[in-house]
Amino acid sequence: MNKKRTLPLPDGFSESDIKLESSTCTGEKTIGFYSKTERKLLYAELVQTDDDIEEFYKKYGLKKP
């Protein structure tokens with residue numbers, strides 16, 4: 001069996017720090033952990049569908065709200 005490992009949440013971040021951003025130019029969506037101090041997404045990934053967003057949450061052992 002090929003079971004995916006659950007990643008720990010990055011240090012200093014919680015589920016409430018997850019943010020979805022959309023580009024005003026291209027409409028591309030990116031999900032990641034928003035750093036208030038750096039004012040940007042960290043550990044960001046490009047997502048195209050709701051399934052991609054759900055996979056991001058699953059990767060960290062979380063359920064999509």
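# Briefing on a predicted three-stranded model

Gly 32 is buried, its relative accessible area being 0%. The model described here is a predicted one. Its 3 strands make up an open sheet in the order S1-S2-S3, with antiparallel pairing. Helix H1 covers residues 50-59.

**Gly 32 and its surroundings**

- Gly 32 belongs to strand S2.
- Leaving aside residues up to four places away in sequence, Gly 32 touches Asp 17, Ile 18, Lys 19, Leu 41, Leu 42, Tyr 43, Ala 44 and Phe 56.

- Strands of a sheet pair through backbone hydrogen bonds, in either the parallel or the antiparallel sense.
- In this model, the sheet is open, and its 3 strands follow the order S1-S2-S3.
- S1 and S3 are the edge strands with a single partner each, so one side of each has no neighbour in the sheet.
- From one strand to the next, the twist averages 30 degrees.
- S1 and S2 run antiparallel and are joined by 5 bridges.
- Opposite Glu 21 stands Thr 30, which is in S2.
- Strand S2 (residues 29-35) also pairs with strand S3 (residues 40-47), in the antiparallel sense and over 6 bridges.
- Tyr 34 has Leu 41 in S3 as its bridge partner.
- The hairpin of S2 and S3 has 4 residues between the strands, and Arg 39 takes a positive phi near 55 degrees there.

**Asp 17**

- Asp 17 is located in the segment before strand S1 (18-22).
- With a relative accessibility of 13%, Asp 17 counts as buried, because the limit for that class is under 20%.
- The Asp 17 side chain reaches the backbone nitrogen of Ser 14 at 2.8 Å.
- When residues up to four places away in sequence are not counted, Asp 17 touches Gly 12, Gly 32, Phe 33, Tyr 34 and Lys 36.

**Salt bridges**

- Side chains of opposite charge can pair when their charged atoms come close.
- The model has a count of 5 salt bridges.
- One of them joins the side chains of Lys 36 and Asp 17, at 3.5 Å from N to O.
- This pair links distant parts of the chain, 19 residues apart: Lys 36 is in the loop between S2 and S3, and Asp 17 is in the segment before S1.
- Lys 36 is exposed at 62% relative accessibility, whereas Asp 17 is buried at 13%.
- Lys 19 and Glu 21 also meet in a salt bridge through their side chains, at 3.9 Å from N to O.
- Lys 19 is partly exposed, at 34% relative accessible area, and Glu 21 is partly exposed at 31%.
- A further salt bridge is formed by Glu 45 and Lys 59, whose closest N and O atoms are 2.0 Å apart.
- Because Glu 45 lies in strand S3 and Lys 59 in helix H1, this pair ties together parts that are 14 residues apart in sequence.
- Glu 45 is partly exposed with a relative accessible area of 25%, and Lys 59 counts as partly exposed at 26%.

**Aromatic rings**

- The count of aromatic pairs comes to 7.
- Phe 33 and Tyr 43 form an edge-to-face pair, with 6.3 Å centre to centre and 85 degrees between the planes.
- Phe 33 is in strand S2 and Tyr 43 in strand S3, so the pair ties together parts that are 10 residues apart in sequence.
- Phe 33 is buried at 0% relative accessible area, whereas Tyr 43 counts as partly exposed at 48%.
- Phe 56 and Tyr 57 form an edge-to-face pair as well, at 6.3 Å centre to centre and with 90 degrees between the planes.
- Phe 56 and Tyr 57 are both buried.
- One aromatic cluster is formed by Phe 13, Phe 33, Tyr 43, Phe 56, Tyr 57 and Tyr 60.

**Asp 51**

- Asp 51 has its place in helix H1.
- A separation of 24 Å lies between the C-alpha atoms of Asp 51 and Ser 35, which are 16 residues apart along the chain.

Technical notes:
Residues are numbered from 1 along each chain as its sequence is written. This is a predicted model: local features need pLDDT of at least 70, side-chain atom pairs count only at pLDDT 80 or more; totals for chains, interfaces and linings use all residues. Side-chain values use heavy atoms; hydrogens and water are left out. Helices (H or I, at least four residues) and strands (E, at least two) are DSSP runs, numbered from the N terminus. Two strands pair if DSSP finds at least two bridges between them. Buried means under 20% relative accessible area, exposed over 50%, partly exposed in between (1.4 Å probe, protein chains only). A polar contact is a pair of N or O atoms within 3.5 Å; within protein, one must be able to donate a hydrogen and the other to accept it, and residues adjacent in sequence count only if both atoms are side-chain atoms. Contact means heavy atoms within 4.5 Å. A salt bridge is a side-chain nitrogen of Lys or Arg within 4 Å of a carboxyl oxygen of Asp or Glu. Axes are lines fitted to C-alpha atoms, for helices over the stretch in contact, and angles run from 0 to 180 degrees between N-to-C directions. Rings of Phe, Tyr and Trp (its six-membered ring) pair if their centres lie within 6.5 Å; planes under 30 degrees apart count as stacked, over 60 as edge-to-face and the rest as tilted.
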